[in-house]
Structure formats: structure tokens, C-alpha cells
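Reader: I have a structure to look at and I am new to this. Could you show me how to read its features?

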Amino acid sequence: MIGLLKGELHEIWGKDKWKNLFAPVDKAAVVLFRMGFGFIMFWEVTRYFRHDWINRYWVEPLWNFSYGPFNFSPMGGIAMHVLWVILGLLALFIAFGFLYRISTVLFFLGFTYTFLLEQGRYLNHFYLVVLISFVMIFIPANRYYSLDARIWKQIKSPVIENWCLWMIRFLLAIPYFFGGVAKINPDWLQGYPLRIWLLGDLDFPIIGPYFTEYWMILVMSYSGLLLDLLIVPALLWKKTRRAGFIAIALFHLMNSELFTIGIFPWFMMIATTLFFNPSWPRHLRNFFKNKHKLLIEKEDLKQFEDYVSGLNRKPILIGLAVFCSIQLILPFRHLVIPGNVHWTEEGHRYSWHMKLRSKKGYTTFFVKDKADGVITEVDLYEYLEDWQIEDMDGKPYMIWEFADFLKKEYAEMNEDVEVYVDALASLNGREYQHIVDPNVDLTSFPKPNFGYASWIIPLTTDLSEQRED
């Protein structure tokens with residue numbers, strides 16, 4: 001306990017490991033994370049208004065590829081704009097620690113609702129925001145340096161349970177580790193899709209002119225793989241922590257220049273500071289104020305011990321075990337599904353396969369009237385926006401969703417139809433090949449969820465068979 005008073009002990013781990021999940025650690029780094037999360041999410045909200053993305057994604061489309069089993073529909077234009085205004089206010093409330101519990105619950109529900117409205121907009125960092133905003137509901141990050149702690153002084157405490165810190169660290173480690181594991185695939189090890197993408201960034205400072213060289217592509221590919229796999233151990237080990245943080249910060253800065261990935265690099269850089277000593281913000285403050293005082297008072301520790309002693313720990317431990325198990329198992333589910341996951345897309349989402357495929361496609365739908373056998377080509381632009389069609393190309397699960405939608409649309413006109421699809425796709429520059437069996441009625445098959453869909457044609461085109469365009 002003396003170590004905590006001096007700000008030296010930041011991870012308590014003894015013989016009774018489960019008990020030590022409830023040991024006190026300095027809350028300073030978690031509070032800083034709370035502020036960073038809130039302000040970055042507010043920035044993200046402003047981007048949606050600046051770029052008119054609310055209209056583009058949820059107001060203008062006639063139909064959205066919503067996620068089952070929820071199958072939510074967007075609210076009206078005004079309501080969607082009001083929702084995003086509320087999300088912005090909630091993000092600020094979280095940053096300032098105002099009505100924190102209510103704000104985190106409402107932010108999680110509101111953001112998750114917008115996430116579930118459109119499958120074509122799936123991004124790994126949006127999924128990460130959903131997970132973190134959920135976990136923050138249960139982490140009392142508002143008991144220090146917050147408006148709540150000023151209003152309700154009895155909740156003020158500079159320490160927090162050890163599991164709170166490690167839960168956020170766990171969620172940050174997941175994308176790094178599984179992102180590295182996902183890179184261990186034949187295409188990435190041969191430099192694809194980086195070899196395609198980097199040709200558009202030859203003006204990148206210093207190394208850009210070398211993006212035409214195969215050796216540079218391999219250096220970039222293998223460096224990214226090793227960094228993802230090794231960064232978490234490097235951040236956990238005190239001797240390599242600073243070097244690891246510098247390396248990952250440079251990596252994120254490079255990604256922000258090379259790719260359009262929004263808030264993700266900046267969010268991860270701020271969040272990764274959680275791997276440092278939880279007292280580092282206090283040390284920094286004391287350094288600039290030229291003070292050398294105890295970081296945590298004994299009275300605060302006594303108050304914390306009284307609080308923790310009254311906790312029912314079993315539900316917390318069960319909740320942590322279930323949540324963490326899901327996050328560890330879900331990314332591996334594609335291993336039990338036949339086929340190349342980047343081609344079939346089965347098991348691709350929620351698995352942290354980030355920037356691992358370049359996919360292009362052409363998709364044509366046909367409806368066959370069962371009554372007279374007449375086949376009609378569907379004009380996609382009558383139903384979908386340009387960006388929806390582009391996102392659907394090459395993604396079998398979205399192709400099935402739209403086929404099912406067409407079936408229901410024609411049923412409302414008292415027409416019983418079959419839906420056939422001529423879908424060609426190209427993975428990482430390969431020649432185009434069929435991705436969906438054009439000879440089957442897709443609506444005769446159940447919705448593809450987590451299993452194998454027999455109507456998806458396996459990838460047979462070799463990487464050496466490159467397109468000329």
C-alpha cells in the first residue's frame with residue numbers, strides 16, 4: 001500500500017489474483033482516458049455534420065442494410081439530426097464527467113443504434129467504440145476530476161478498482177493482437193493489398209518514392225505484422241514501454257496520412273497511454289508545478305477499502321469472464337468456416353481484420369416471375385445509393401440481404417419471384433471471378449449468419465493472376 005502512496009505501484013498482483021482485481025490503483029490515467037474519449041467522440045460528431053453524413057447515410061437512402069436480428073430503421077431526417085446533436089452533448093458530458101452514468105448508457109445506446117442501421121458502413125473502430133462505450137458504463141471514471149465529483153462530493157475518490165484499468169487495456173490490446181494474427185495470411189505476406197494502395201501515395205515524405213519497389217512493400221507489410229503482434233507485450237513490459245509507445249504513435253501517424261480512417265489513429269494514441277503507470281498524469285502535473293507530495297492520501301485508501309469490502313464480487317467476475325471470453329473467441333470463428341475469409345466475408349466482421357483486403361466487384365440482380373417465367377434485370381439505382389452499391393459489391397452477406405429485400409418488395413405487389421445474381425469480384429488485384437452462384441435463387445437459402453453458405457463460390461483465382469486495370 002505504501003507503493004501506491006508514493007505513486008510507484010501501478011499494478012498489484014499477488015497470490016490471490018482474483019482479489020487483486022479489486023485492489024486500488026490510481027485513477028488519473030483512467031480519468032484522462034475518459035476525457036480523451038469524450039472529446040474525440042464529440043469531434044467525430046462534428047465531422048458528421050460538416051460532411052453531411054447524416055443525410056448521406058440515413059436520410060437519403062430508400063433502404064438500409066440494417067443488422068439482424070435488430071433490423072432497425074433510421075428515424076426521420078430531423079430526428080436523426082437531433083440524435084447526433086444529443087450524441088455530441090453526451091460525449092461532452094462524458095468528457096467533463098457530468099451525469100456520467102446516464103450519459104454513458106445513453107451514448108452507448110444511441111451510438112450502437114446508428115452502428116446497427118447500415119452494414120455497409122462497418123468499421124472496426126466503430127465496433128471498438130461500441131465495446132468501449134459499453135464497458136465505460138460500469139467503470140466509475142467520474143469520481144475524480146469531474147463535475148459529478150464537484151456536485152456530489154461524497155463520491156469523490158482518486159483510486160479505482162484494478163479491473164477497471166485492465167478492462168480498458170484488454171479492449172485496446174484486442175485490435176492490436178488480432179490485427180497482427182489476421183496479417184498472417186498468404187496475400188499479406190506477399191505484400192498485398194499494400195502493393196496496390198501505396199502506389200497512390202508516392203508523394204509520401206522520405207519513403208514515398210520507394211513505394212514502387214517490392215522490397216519496400218515487404219518491409220511495410222512485415223513491419224506492420226510484427227508491430228501488431230509485439231506492441232502489447234512491449235507496452236506491458238516497463239523496459240520497452242516508452243519505445244513501444246513511440247513506435248505505435250509513429251505507426252498511427254503514418255496511417256492517418258496514408259489512409260482515410262478518421263478518428264481511429266488519434267483515439268488509439270490517446271488510449272494507449274493507459275499502459276503507462278496510472279499515476280503518470282499526476283507525476284506530470286507535479287513536475288510542472290515543482291511539487292513532491294503524496295499522490296494518494298491514506299484517508300482515500302481507507303474510504304476505498306470500505307467501499308470495496310461491501311461489493312458483491314461474484315457478479316462482476318462472472319461478467320468480466322463472459323465478456324472477455326466472447327472477445328477472445330469471436331475473432332477466431334472464421335477458422336471453422338471453409339474458404340478464404342477475405343473472399344467469403346464469413347467471420348470477417350468483429351474479427352479485427354483491418355486494412356487486409358482490396359476488393360472490387362460488379363453485381364447484377366435478376367428477378368424471375370414464377371407465374372410466367374419472365375426474367376427482368378433490376379435497376380439497383382431505384383433502391384440503393386451509389387455508396388451502398390459499391391459497399392455491397394463483393395460482399396455475399398449484403399448481396400443476400402438485398403435479394404431478400406427484393407423478394408419482399410415484389411411480394412407486396414403480389415408477385416412471387418426468384419432472385420438470381422451475377423456477381424463478379426476481385427480480391428487484392430486478382431482477375432475477376434464469380435463470388436455467388438449465378439444459377440441459384442438466393443432467396444431459397446436461409447440468411448447467412450455464422451456458418452458456411454454453399455451458394456458462395458470459393459476463391460480459385462491465384463494471386464499471380466493480376467488484373468491489368
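Predicted model: local features only at pLDDT ≥ 70, side-chain atom pairs only at ≥ 80, totals over all residues.

Reader: What share of the residues count as buried?

Author: A residue counts as buried when its relative accessible area is under 20%. In the protein chain, 53% of the 469 residues count as buried.

Reader: How does the radius of gyration compare with that of a compact globule?

Author: Start from the chain length. With 469 residues, a compact globule would have a radius near 23 Å. The protein chain has 25 Å, so the two agree. Along the principal axes, the C-alpha trace spans about 85 × 55 × 45 Å.

Reader: How many helices and strands are there?

Author: The protein chain has 20 helices and six strands.

Reader: In what order do the strands of the open sheet run?

Author: Four strands make up this sheet, in the order S4-S3-S5-S6, and the pairing is antiparallel. S4 (375-377) and S6 are the edge strands, each pairing on one side only.

Reader: How many bridges join each pair of strands?

Author: Go along the sheet. S3 (residues 359-369) and S4 pair over three bridges. S3 and S5 pair over 11 bridges. S5 and S6 (residues 433-434) pair over two bridges.

Reader: Which residues stand opposite each other?

Author: Here is one example for each pairing. Lys-368 stands opposite Ile-375 in S4. Lys-360 faces Ser-426 in S5. Leu-424 has His-434 in S6 as its bridge partner.

Reader: And the side chains of a strand, where do they point?

Author: In a regular strand, they alternate between the two faces of the sheet.

Reader: Why is S5 described as largely enclosed?

Author: Count its buried residues. Nine of the 11 residues of S5 (residues 417-427) are buried, so the rest of the structure largely encloses this strand.

Reader: What lies between S5 and S6?

Author: The two strands form a hairpin with five residues between them. There, Asn-428 takes a positive phi near 55°.

Reader: Which residues are in contact with Asp-187, apart from its neighbours in sequence?

Author: Leave aside residues within four places in sequence. Asp-187 is then in contact with Tyr-192, Leu-427, Asn-428, Arg-430 and Leu-463. Asn-428 is the hairpin residue with the positive phi. The side chains of Asp-187 and Arg-430 are joined by a polar contact of 2.8 Å.

Reader: Is Asp-187 buried or exposed?

Author: Asp-187 has 5% relative accessibility, so it counts as buried. Its place is in helix H10 (residues 186-189).

Reader: Now a serine. Where is Ser-223?

Author: Ser-223 is in helix H12 (residues 214-236). Its relative accessible area is 40%, so Ser-223 is partly exposed. A polar atom of its side chain lies 2.6 Å from the backbone oxygen of Val-219.

Reader: How many aromatic pairs does the structure hold?

Author: The structure holds 40 aromatic pairs. One of them joins Phe-39 and Phe-96 in an edge-to-face pair.

Reader: What describes a pair of aromatic rings?

Author: Two things do: the distance of the centres and the angle of the planes. For Phe-39 and Phe-96, these are 5.5 Å centre to centre and 90° between the planes. The pair links distant parts of the chain, 57 residues apart. Phe-39 is in helix H3 (residues 28-50), and Phe-96 is in helix H5 (residues 77-96). Phe-39 is partly exposed at 38%. Phe-96 is partly exposed too, at 44%.

Reader: What are the distance and angle for Phe-134 and Phe-138?

Author: This edge-to-face pair has 5.2 Å centre to centre and 75° between the planes. Phe-134 is partly exposed at 29% relative accessibility. Phe-138 is partly exposed at 46%.

Reader: Which residues do ring pairs link into a cluster?

Author: The cluster consists of Phe-33, Phe-37, Phe-107, Phe-111, Phe-126 and Phe-267.

Reader: Last one. What share of contacts join residues at least 24 apart?

Author: Take contacts between residues at least 6 apart in sequence. In the protein chain, 72% of these join residues at least 24 apart.

Methods
Residues numbered from 1 in each chain as written. Heavy atoms only, no water. Buried < 20%, exposed > 50% of the residue type's maximum accessible area, 1.4 Å probe, protein only. Polar contact = N/O pair within 3.5 Å; in protein donor to acceptor, adjacent residues only side chain to side chain. Contact = heavy atoms within 4.5 Å. Pairing = 2+ DSSP bridges. Rg over C-alpha atoms; globule rule 2.2 N^0.38 Å. Phe/Tyr/Trp six-rings, centres within 6.5 Å; stacked < 30°, edge-to-face > 60°.
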